[in-house]
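Welcome! Have the sequence and the 3D view ready, and let us walk through this structure together.

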Amino acid sequence: MAEQLGVSTQAVSKWERDQGIPDVGLLPHLAEIFGVSVEGLLDGGLNPAAPDGGNMKRLQFYVCPDCGNILTSSSGGQLSCCGRKLEPLRAVPADAEHAVTVQEVETDWYVTFRHPMEKGHFIRFAACVAPDRLLLVRLYPEQGSEVRLPQLRGGGKLYLCCSRHGLFEVKLP
């Protein structure tokens, strides 16, 4: 370890005995050696996770508060954007203010919602999640409060993300 990092064996020994810590500049290289992120290293997450192909039932949505980037993960992890660690959005059942109507139109779901679509308060995205796939449609302020999504086989859930109130879920018929 000392040779890989270009430090003395005594320095590594001090770290191991909790009598010192590595220089901050060494953290990226240490993380690389252990095969974890710097955040994982700082959190003490040195145990490699078992390979996981992901599971759509555990799908999580993340939105960057700086740039509005939308990210998803089906197997957890630590996501970041614009230098910030992102926390997954917590889905709650749609309330009266975020009520959704879903109708079948040909082979699509026609989704309407009574919600402002203004610059400071709007629905960021609508996402349809089935057991084996995700369809996400980004929405923008001053756009209509409706979206048409192809029906995905196997049922699933519809998610709407409000720019002020977070993530809401609705079971699809």
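## A lysine in a loop

Let us start with K57, which sits in the loop between helix 4 (38–43) and strand 1. Helices (H or I, at least four residues) and strands (E, at least two) are DSSP runs, numbered from the N terminus. K57 has 80% relative accessibility, so it counts as exposed. Here, buried means under 20% relative accessible area, exposed over 50%, and partly exposed in between (1.4 Å probe, protein chains only). K57 and S75 are 18 residues apart along the chain, and their C-alpha atoms are separated by 9.6 Å.

A word on the source: this is a predicted model, where local features need pLDDT of at least 70 and side-chain atom pairs count only at pLDDT 80 or more, while totals for chains, interfaces and linings use all residues. Residues are numbered from 1 along each chain as its sequence is written, and side-chain values use heavy atoms, with hydrogens and water left out.

## Strand 11 and its partners

Now look at strand 11, where 5 of the 6 residues are buried, so this strand is largely enclosed by the rest of the structure. Strand 8 (residues 123–130) pairs with strand 11 in the antiparallel sense over 6 bridges; two strands pair if DSSP finds at least two bridges between them. In strand 11, L160 stands opposite A126.

Strand 12 (residues 166–171) also pairs with strand 11 in the antiparallel sense, over 6 bridges. Here L167 in strand 12 stands opposite C161. A hairpin of 3 residues joins strand 11 to strand 12.

## Rings that meet

How many aromatic pairs are there? The count comes to 2. Rings of Phe, Tyr and Trp (its six-membered ring) pair if their centres lie within 6.5 Å; planes under 30 degrees apart count as stacked, over 60 as edge-to-face and the rest as tilted. F61 and Y159 form a tilted pair, with 5.2 Å centre to centre and 50° between the planes. F61 lies in strand 1 (residues 60–63) and Y159 in strand 11 (residues 157–162), so the pair ties together parts that are 98 residues apart in sequence.

Both F61 and Y159 are buried. Together with F125, they form one aromatic cluster.

## The whole chain

Stepping back, the chain has 4 helices and 12 strands. Of its 173 residues, 32% count as buried. Along its principal axes, the C-alpha trace spans about 70 × 35 × 20 Å.
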